[in-house]
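Let's take a friendly walk through this protein model.

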Amino acid sequence: MAIRLNVNGKPVSVDVPANMPLLWVLRDELEQCGTKFGCGAGLCGACTVHQDGVPVRSCVTPVSAVAGKSVTTIEGLSPNATHPLQQAWLEFDVPQCGYCQAGQIMTAAALLEKNPKPTDAEIDAAMDGNLCRCGTYIRIRKAIHRAAELTRAAKTNREE
Amino acid sequence: MNRVDKVSRRGFLGTAIGAGALVLGVQINEAEGATPAWMPSVYLGIEPNGTAVIVAHRSEMGTGIRSVLPMVVADELEADWKKVRVEQAIGDTKYGSQNTDGSCSIRDFYDAMREAGATARLMLEQAAAKKWNVPSAECKGQNHFVVHSKSGKKAAYGELVKVASTLPVPKKADLRLKPESEFRYIGKELPTIDQADHTRGAGKFGIDAKMPGMLYASIERPPVYGAKLRSFDDAAVKGVKGVVRTATIEGFKPPHMFQALGGVAVLADSTWAAAQGRKKLKVEWDLGPNGSFDSAKEKAEILAKIKQPGKVVRNVGDVDKAFAGAGKVHEASYYVPLLSHAPMEPPAAVAEWRDGKVVTYAATQNPQAVQEAVAGAMGIKKEDVTCHVTLLGGGFGRKSKPDYVCEAAMLSKQVGKPVKVVWSREDDIKFDFYHANAGMYMKAALDAKGKPTAWLHRSVFPSIGSTFDASAEYGQEFEMGMGWVDLPYAIPNHRAENGAHKNHVRIGWMRAVAHIYHAFAIHSFVDELAAAANRDRVEYILDLLGPDRNVPIEPVGMKYWNNDQDQTKFPVDTARLKRVVQLVAEKSGWANKKPTKGRALGIAAHRSFLTYVAAVVEVEVDDRGRVTIPRVDIAVDAGQIINPERARSQIEGAAVFGTSLAMMGEITAADGRIVQSNFNNYPVARINEAPKVTHVHLVPSKAPAAGIGEPGVPPIAPAITSAIFAATGKRIRELPIRKTKLV
Ligand code: FES
Ligand code: FES
């Protein structure tokens, strides 16, 4: 049975078992490989995407649960990779191997949506489901603060 | 002696380079005594449109090496980095060693890269000289142009390619290497080529590789090391939607090397279908002798063995005599468990068998090992295995061992289609080449000031040698040479002994390897001795290191490994070790931060991979016994640094890796089976468990480049336990720390 959903602003229809996790639908069926597999059990955050703006672990989200919903992956986070987090990530040269970073950025993006000026403790609480075996956490924290700053600056500019 | 040759374009990368490109191959003939002979180390091409194509022959797993080595070539070439395209090399011996391991990429290839760039630049200068009919000494390569300042003439590199490619390759003696003052990229902080992709999810990893028509495999492997398949029933598997078939993979013949473990594979049209099908498999195994392997029993066995004399591997003075006459003696035993690499990207590869040849795309640290292992598994020549190297989602040594690529190739041959193998996290944790568990017994005789007059250190651990020799029971030269037999302290009587021990799982090298357990035991013991003498740790360590000198290391029955480097070029230099201790003490504010209840600093200093590192870790232990790490300071003397920014990031990462293994990492077996399965029971440090801040202090140095990927790891665990002792009075002699109740 075909399941319809919207991925990065485009309607798609997939014919897969209803219990197939969104992660594998994205990766194997839709060729959106920016979303990564790390544990398959909701333990590492590598597979984080947004479902209607809320961060979810796509490895434990059956595709049937997102039928008719909107999913955003790292590929669709911003046009031309211009999200303040993406800019801040480059400014602080955050990635090492890079594998976990899509998940980190997606979790951080959802945090900034809810909380435009997070404290260190709030960042840690939001990000503690995202593992980075390379150990880029210090830079992740700095880059989130920076992205928050960039977002606020952009907003002030718009309002002026 | 180095030699630079022109090579045929066909041999270059196997990919298209514009016609008329100037292609250089640099071959280095390694110093006497080093392993391979003529090693082509780099290929560099310049296309007629001026694009410089620089080959990255080492694997990218987060160190930045596939950008940084090409930057060295580009610097000497006087290339404009914007006109450089980096191409990842396939596996081929003509590049020299591609085993991206041992923190040696810069150390082994810096000179060769500079020569490659300088050779090309000289030939372009000569081509311009010919064109303008002026002496070539008056022509100078500058940012992708050759300029003749006297006449003001200027020609783009691309325009000169045709003439340059007709010129003889200059001799090394004629090269003019740039002075440091003219470096464009070396020592600078240029961003690496992959960063932007990583922020967009565009990096291509092994798990992302695809081949047309491929099937996805999920493999049920023998649950116990050396177990054999007795029978299986796949009746229920075939009913799973998407499953195409099952196939068996033959188990390894000892020694296991990098062979596939064997098992039963389910092949399907998606990753998910293959995994679902695998759950329906019924498999019977003959467990064999390791079916009763139990980590608790093995630990007791190892702790008993270290109380017995072992094979003497280093002997200075007369330890027995010194102990006999000693006033005060201190002794302690330490234990470190098995560990798993757990890179965020599990092992992954896709391979196709066709017409007696294999093509694979793999997340591998060592494409030549892939060629060899796959060739061995398939009974073909290694030249008939083409290994494309993807980005690696972490490696840490796991991806130097290409058993997973063998699996993909073996399955492809059976099913007649390309096959993709991606290990689940459970597969990764349960079937790793584990970092060795180790027991260490330490004993010191002490003088009136509490300084050792004699030092005995016994270690017992399953050796990585068992990978290549099933009967191996003693440590290999390189395992002993990792921070153990090369103890640098000024102690007149010193003996190291190694007891025999067999492996019961696959043992493999993991980031910093045997340094991890040796450093933990040695520096913990130093901390105990300093505490017993009631002396300041920094002052005690400096005293122990003694006068500034190069310590000659002469182990018993083997040569000193020293990362295969000569001790004259890379000595064990106490002055450099003392320098990082002093630097880290100063930067961390050691002298002014006296321990308070529940909050204190700890320190450890260790030389590994020819690099000198001292770490000060600040810990906080709350009234529930929970440990946090507000701050780490690490001073590093790694010799010359090519990209300080990436060097710092490696050291920051090492502090987290070291924290994970110190605080929480532990793999155990019961009934021969690995107990842990995923990040819930094999945790690694999360953002709130990792050091909150890590300050990296790089020592400016003109010494030859040593290594940066691993040396940050070893001092972290003993520095943490040293700090915990200072904060709580609790002495921790076994990792991980979470096993010890602190309140
Ligand atoms: S892969 Fe989904 S949380 Fe790890
Ligand atoms: S950058 Fe490698 S796992 Fe995070």
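Predicted model: local features only at pLDDT ≥ 70, side-chain atom pairs only at ≥ 80, totals over all residues.

To find them, follow the numbering of chain B: domain 1 covers 22-200, domain 2 covers 206-289 + 347-422, and domain 3 covers 295-339 + 433-739.

Domains 1 and 3 of chain B do touch: 15 residues of domain 1 are in contact with 17 residues of domain 3. Which helices of chain B each supply at least two residues on the domain 1 side? They are α1 (65-77) and α2 (105-132). The most comes from α2(B), with three residues. Sorted by class, the side of domain 1 of chain B that touches domain 3 has seven nonpolar, six polar and two charged residues.

## A pair of crossing helices

The axes of α1(B) and α2(B) come within 6 Å and cross at roughly 35°. Is this crossing left-handed or right-handed? For α1(B) and α2(B), it is right-handed.

You can pick out the residues that make the contact. On α1(B) they include B:Ile65, B:Leu69, B:Val72 and B:Val73, while α2(B) contributes, among them, B:Phe109, B:Tyr110, B:Met113 and B:Ala116. Taken together, the residues of this contact between α1(B) and α2(B) divide into twelve nonpolar, two polar and four charged.

## An open sheet of five strands

Next, turn to a sheet in chain B. Five strands form this open sheet in the order β14-β22-β21-β20-β15, and their pairing is mixed. As background, strands of a sheet pair through backbone hydrogen bonds, either parallel or antiparallel.

Why is one side of β14 (311-316) and of β15 (328-336) of chain B left without a neighbour in the sheet? Both strands stand at the edges and each has a single partner strand, so one side of each has no neighbour there. Direction ignored, neighbouring strands of this sheet are turned by 10° against each other on average.

## Inside the sheet, and a helix on it

Let's zoom in on one strand pair. In chain B, β21 (residues 452-460) and β22 (residues 493-499) run parallel and are joined by seven bridges. For example, B:His457 has B:Ala496 of β22(B) as its bridge partner.

Finally, find helix α12 (residues 515-532) of chain B, which packs on the sheet. Helix α12 touches β15, β20 (438-446) and β21 of chain B, and its direction makes about 145° with that of β15(B).

Notes
Residues numbered from 1 in each chain as written. Chains lettered and ligands numbered in written order. Domains from an automatic or database assignment. Contact = placed C-beta atoms within 7 Å. Helix = DSSP H or I, 4+ residues; strand = E, 2+ residues; numbered from the N terminus. Nonpolar A, V, L, I, M, F, W, Y, C, P; charged D, E, K, R; others polar. Axes fitted to C-alpha atoms, helices over the stretch in contact; angles between N-to-C directions. Left-handed = near helix turned anticlockwise from the far one by under 90°. Pairing = 2+ DSSP bridges.
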